[in-house]
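The following report describes selected features of a multi-chain model. Please consult the sequence and structure shown below while reading.

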Amino acid sequence: MTTRLRLQELLGPILIVIAFSYVVGLQSAQGLLIVQSTLALFVMVLALHVFVGNSGVLSFGHGAFAMFGAFASGIVTTPSNIKENSLQLQHLYPFLVNLNLGIYPSFVLAIAAGALVAGLSGLLLMRLNGLAAGIATFALLGVAYNIFFYNNRIGPGSQALLALPPFQFIEEPVVLTVIVMLAVYLFGISRAGRTLRATREDPLAAPALGISIMRVRWIAFTLSGAIAGLGGAMFAHVAGTVQVQDYYLPYTFMTLSMLIIGGGASLWGATVGTLLVTGIGQILLMMEQQKPILGIVVHIPNGTRAIVIALSLVVMLLWRSEGVTQGREFKIGMPKLRK
Amino acid sequence: MTLLEVRDLRAGYGKVDVLFGVSLTASKGELIGIVGPNGAGKSTLFGAIVGTVGLRGGSVFLDGEDISGKRPEDIVRRGLSLVPEGRQIFSGLSVIENLTLGLTGRRDKNGEKGALDRVHDLFPVLTTHRDHQAGMLSGGQQQQLAIARALVADPRVLLLDEPSLGLSPTVVKDVFDRLIAIAESGTAVVIVEQRAHLVTRLAERTHVLRAGKVQATLTKEDAADEAKLTAAYFGSSGE
Amino acid sequence: MIQAILDAVSLGGVYALAALGLGLVFGVMRLVNFAHAELITVASYTLVMTHQFPLVVSIVLSVVVASLMALIMELVAYRRLRGSNPATMLIVSFGVSVLLQKVYELVFGALPRSASVATGLTGAFTVGGVSITTASVVTIVLAVVILLAMGYLIERTKLGLQLRAAASDFQTARLLGVRSNRLIASAFVISGALAAVVAFVNVVGNPQVDPRFGLDITILALVGIVVGGMNSLRGSALGGFIVGAVLSLLNVILGNGRVYAYSWMFVIVIVILLVRPGGILSKFATKERV
């Protein structure tokens, strides 16, 4: 939650993300994978922060934009001859079969796809508040899932998209992530961003001041759709193989948890939440697999990891609903002592 | 005898404090008024008394018993009823259903029929519209229903928040006449009103609440004096 | 044709019960309980795992388990959220739902468990030359009986009156003396019992129970309460019925396009939220819109 450019608020999280990426990513192939998937999820969390964090309006629907982004990018980066011959892609519309783009142009397409779907649906949905928004966006996710699951003319339907080209260098997802962080922070301090947060604080005062709530929300929603499209596309290329279920409920839950646990209102919150959940998730995973952590082996039954994350979300919402960071941005120095 | 005693009450919402030490009493058969500008804390005061708003300091006594911070459903059973602002009748339920709900708060389950008969005598319109949806009644009729609904619980103290809201002058007079009758039958009646003139001439005492504090207390006699009323309402220094 | 109508009415009946379960809790707390799915699931597991017992015992057990689970949910997770904003409660219930699903995975395993429950109901019989499935008839009868019983409870008993009042205006109900804790607990227990009935009907038709068994029907029950009106118990049941019946009919009518029936349902939800946020039966728009 911030109103003007304070360099440390932006650089702090960026440097920490870069540090995390290199420290963990250069250790092993396993580490590299962890970093890349974390960054892809982080971009999605940033998309959620842009909208949910700034407007205070819940959205369950961003998985839909991720789906569009992922499949847009995935399909055009799959070579035409594979598209023509593969079982799951044989029914694709001809223009999709013939369209081939490199990975970065495909990201542009993914961003555009996400923005378009968000922009259009936002025209309808941005009127809604609170619970209605939550349910309507959930319905949006449901529609996207239903369509992608059964339609094999625009995508692989219920089957998987295979062999998507990966990132060559660790710098690629890192740079993309940093650019998104920059965009998100700049939006936050922009006039639209600040206006949007004003509507979150007091939705009744805003129209009285001539602010159109719908308009600023729509801007944030569309921007978040664009970023979600990119996040979905990144996730697809990191995983190499994606299916529509990968962007449905577990994905929605995971990314929302990361945002809420860290604190949805700030860039720092999104960063902390993602790293915390990833970190704890990894440790728990190693415990499930009986790998030693700092030399000690603790074994927990399979499935505990997911339970702990779900539990953390519930506990956080019950106890500190603004997350670990309580809406504050990154700051070096002693926190002010409370009187 | 003092039925309601509020001592140095403090209350608020979230980070904001609204009441900064309010004290008042209401005795058997008395009609007490509370007036003041918007935002003064009048509704908050009632909320703190009945338990829907958290107490941050001070206490509330009902017939000598400390009810500070108790839950609304317990307080009503001890004989304190609130007719909330805007009447808040259940518009989808029938008139008789609304009244039956009011019986939930009675201590003495035996007198239910008697209580219903009494309110039907007091407000004949309820008999006429017994099975009609409460939402279809006129504003004045809904106000009568809201008061009746609170009365069937046999309260010793009746609080009313802005009973004149949205009602025409003739209807208001009718409602207030009945409130006087209720007070005369022994119940302590406390009325919050924005339209000060409605209560000042009727109430034994009218407290002027401003910025969370009782700034002045007027008696019936004082109320007749315009100058005193204005001074109390707006502050003698003309803030 | 007749079977299609019977199927539509029977599915409608089941979804009415599911939606009513959701609607009861929403009415008293403004909470959309996603974890209602897990109530249905745990009741289903109970039925499957006690299938060797007499059917009545099995059913009673499933009702007890589901109602207990509902009470625990209320006490542990939802009590602290009373009065919170409904969107927060929605996420928490989502979290509780995921949490329970994972717990079920841990306890029962991720693979489906199955057993034949009430096999006597899986056949078909002929009436006037038309073949009708026993299950659809039994479901309709069961749904009608329970909906009538619920109707009696809601319209003619003191508890029902309090539930209706609370659904309309919880705060004022408290002012009149309605005991909030008891009322909310009652709503949860009844919703658990309704979940068990829904579980029974589903398990008879499809005895493969996995941790996500109750999910689909709960999502559609959610659609149902939005369609019918979240502020009214009658509306919830009616909305659920409409969703179930329409879904069943769409399956028949749309032919190949029927897989998109869900999408149509969701689009209807969005339209209703925009145009009549109180549901089809409501008369007023609410503050849920900007």
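## Strand pairing in chain B

In chain B, strand S1 (residues 2-13) and strand S2 (residues 16-27) run antiparallel and are joined by nine bridges. Helices (H or I, at least four residues) and strands (E, at least two) are DSSP runs, numbered from the N terminus, and two strands pair if DSSP finds at least two bridges between them. The model is predicted; local features need pLDDT of at least 70, side-chain atom pairs count only at pLDDT 80 or more, and totals for chains, interfaces and linings use all residues. Residues are numbered from 1 along each chain as its sequence is written, while chains are lettered from A and ligands numbered from 1 in the order in which they are written.

S1(B) and S2(B) form a hairpin with two residues between them. In its turn, B:Gly14 has a positive phi of about 55 degrees. Within this pair, B:Leu9 has B:Val22 of S2(B) as its bridge partner.

A parallel pairing of five bridges links strand S3 (residues 31-35) and strand S8 (residues 188-193) of chain B. B:Ile32 has B:Val190 in S8(B) as its bridge partner.

| Strands in chain B | Sense | Bridges |
|---|---|---|
| S1 and S2 | antiparallel | nine bridges |
| S3 and S8 | parallel | five bridges |

## The open sheet of chain B

S3 and S8 belong to an open sheet of six strands in chain B, ordered S6-S7-S8-S3-S9-S10, with mixed pairing. Strand S6 (80-83) and strand S10 (213-219) of chain B are the edge strands, each pairing on one side only. On average, neighbouring strands of this sheet are turned by 20 degrees against each other, direction ignored. Axes are lines fitted to C-alpha atoms, for helices over the stretch in contact, and angles run from 0 to 180 degrees between N-to-C directions.

Helix H7 (residues 169-184) of chain B packs on the sheet and touches S3, strand S7 (157-161) and S8 of chain B. The direction of H7 in chain B makes about 150 degrees with that of S8(B). Two residues are in contact if their C-beta atoms, placed from the backbone, lie within 7 Å.

## Overall form of chain C

Chain C contains 10 helices and four strands. From the N terminus on, the order of its elements is α-α-α-α-β-β-β-α-α-α-β-α-α-α. The radius of gyration of chain C is 19 Å, close to the 19 Å that the globule rule gives for 290 residues, so chain C is as compact as a globular protein of that length. This radius is taken over C-alpha atoms, and the globule rule is 2.2 Å times the number of residues to the power 0.38.

## Contacts with chain C

Between chains A and C, 33 residues of chain A are in contact with 36 residues of chain C. Helices H7 (130-150), H11 (213-239), H12 (249-262) and H14 (304-319) of chain A each supply at least two residues of the side of chain A that touches chain C. H7(A) gives the most to that side, with 12 residues.

The contact between chains B and C takes 20 residues from chain B and 14 residues from chain C. Helix H2 (72-77) and helix H3 (95-102) of chain B each supply at least two residues of the side of chain B that touches chain C.
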